[in-house]
Amino acid sequence: MRNKRIVVKVGSSSLTEQNGTLSEKKTEAIVRQISQLRQLGIEVILVSSGAVAAGMERLGLTPGCVTIPEKQAAAAVGQGALIDTYQKYFQQQGMSVGQLLLTRLDLEDRKRFIHIRNTLETLIKKEVIPIVNENDTVAVDEIRVGDNDTLSSLVAIVAEANLLIMLTDIDGLYTEDPRKDPRAKKIDEVHAITPELEKIAGDRGSIVGTGGMRTKLIAAKIAVRSGMEVVIASSNEPEILRKILQGKKAGTHFFPQSRLPSKKSWLAFSTRAEGKIIIDQGAKEALVRRHGSLLLGGIIDVSGTFLEGAIVEISDPFGYMIGKGMTSFSSSDLHLLLERRAWDSGHEKIHEVVHRDMMVIMEEEENVL
Ligand SMILES: Nc1ncnc2c1ncn2[C@@H]1O[C@H](COP(=O)(O)OP(=O)(O)O)[C@@H](O)[C@H]1O
Ligand SMILES: N[C@@H](CCC(=O)OP(=O)(O)O)C(=O)O
């Protein structure tokens with residue numbers, strides 16, 4: 001068992017019956033598998049969907065034809081029921097659970113991010129299984145992560161996990177959605193998530209699912225770039241978690257790419273830019289090739305309104321995004337400094353606008369959020 005800390009994401013389809021109702025049997029099977037890993041010393045964080053499905057059943061709503069407030073009400077009712085079910089079965093295994101309900105706001109704010117990390121560490125130390133879900137009841141589009149696949153990869157970054165397992169109703173990524181093309185073949189290993197691969201990942205497979213393979217691939221991309229291994233596998237396969245941890249062939253295995261330091265992973269994937277700084281070719285070279293800081297001298301223009309400490313997009317004059325970083329100056333100060341630079345060139349060198357440690361250079365196609 002190589003991986004010490006793992007995030008297991010379980011989709012709604014893996015926790016519900018065909019008609020969309022919460023399945024005690026399936027939940028119990030997941031709990032039993034996680035408990036076995038815990039006994040082997042593996043630290044497990046569970047990201048579980050299923051709240052909306054569980055609440056629909058209790059509110060007498062039909063999946064697929066509900067309003068947003070009805071869905072949020074379903075999540076409010078269902079989250080309690082979901083945790084209750086987990087609590088019941090984990091307790092039978094001598095373990096307890098702790099619930100974390102998050103929105104994107106919690107992950108993009110550095111202080112909250114650190115608080116989440118500390119809470120997770122404490123729960124794990126106390127041998128409690130953290131169970132994470134999106135706080136669907138309060139989340140509106142602007143503050144939503146939107147799907148639990150992406151959420152699980154962001155949680156894996158917070159937790160500094162080295163493996164992310166997404167359990168779903170299919171045994172991996174296929175060359176095409178097998179519902180559409182029965183001749184589709186399973187892909188066993190992925191060493192690079194290319195745009196071609198992204199094209200074959202389609203939408204959800206059931207009335208209760210959210211993003212299908214599309215969001216699983218987004219999550220995989222975030223995780224592998226943050227240095228993690230990722231496996232997409234079927235929750236229906238017995239002992240699947242143990243198999244994966246033993247390094248046996250299972251599901252689709254994604255291999256890690258260059259490991260971004262944790263803070264840079266946070267910058268790249270958890271934060272949203274509040275404005276944009278456009279830089280010239282010389283500055284681009286300095287950032288991309290020499291990993292330097294962004295100085296005032298290389299800035300062509302600034303757009304958006306932001307305060308000092310905000311996250312901004314850094315792009316070239318053609319609008320191509322080069323990276324993201326935390327700015328040391330507000331947009332109004334930057335405009336002032338740019339004006340001043342026009343008549344006093346001595347000023348420009350001393351102003352470091354984005355420090356190299358607070359900047360991440362994105363690889364092609366990496367702007368996934
Ligand atoms: N290329 C693909 N390979 C495998 N499954 C795919 C592909 N494209 C789309 N899918 C669909 O993705 C579904 C799994 O995603 P989803 O329904 O969101 O499940 P979950 O609730 O577990 O997140 C599968 O049932 C399958 O129909
Ligand atoms: N937060 C939602 C699940 C959202 C989601 O991504 O669902 P799924 O595609 O089944 O993993 C819930 O608990 O119902």
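Two strands pair if DSSP finds at least two bridges between them. I wrote that down before opening the sheet, along with a reminder that strands of a sheet pair through backbone hydrogen bonds, either parallel or antiparallel.

**Ground rules.** This is a predicted model, in which local features need pLDDT of at least 70, side-chain atom pairs count only at pLDDT 80 or more, and totals for chains, interfaces and linings use all residues. Residues are numbered from 1 along each chain as its sequence is written, while chains are lettered from A and ligands numbered from 1 in the order in which they are written.

**Entry: the sheet.** I looked up the strand order and found an open sheet of 6 strands, S10-S14-S13-S12-S9-S11, with mixed pairing. Its edge strands are S10 (294–295) and S11 (299–303), each pairing on one side only. My strands (E, at least two residues) and helices (H or I, at least four) are DSSP runs, numbered from the N terminus.

How do S12 and S13 run? They run antiparallel, with 5 bridges joining S12 (311–315) to S13 (321–327). I also noted one bridge pair here, serine 315 with methionine 321 of S13.

Then I turned to helix H11 (281–288), which lies across S9 (275–279), S10, S13 and S14 (352–361) and runs at about 80 degrees to S13. Such angles, from 0 to 180 degrees, lie between N-to-C directions of axes fitted to C-alpha atoms, for helices over the stretch in contact; contact means C-beta atoms, placed from the backbone, within 7 Å.

**Entry: the domains.** I found domain 1 (5–265) and domain 2 (272–361), with bounds from an automatic or database assignment. Their centres, taken over C-alpha atoms, are 36 Å apart.

**Entry: the ligands.** I counted a residue as near a ligand if its C-beta atom, placed from the backbone, lies within 6 Å of it. Ligand 1 has 25 residues around it, and Gly11, Thr168, Gly202, Gly205 and Gly209 come nearest. Ligand 2 has 18, with Ser12, Ser49, Ala51, Val52 and Thr210 nearest.

Which helix gives the largest share of the ligand 2 shell? It is H2, with 3 residues.

**Entry: the record.** An unreviewed UniProt entry lists Ser49, Asp136 and Asn148 under "binding site"; such annotations may be inferred rather than shown by experiment. These residues span 100 positions in sequence, yet no two of their C-alpha atoms are more than 10.7 Å apart, so they gather at one spot. I located aspartate 136 in the loop between S4 and helix H6 (148–159).

Key: Contact = placed C-beta atoms within 7 Å.
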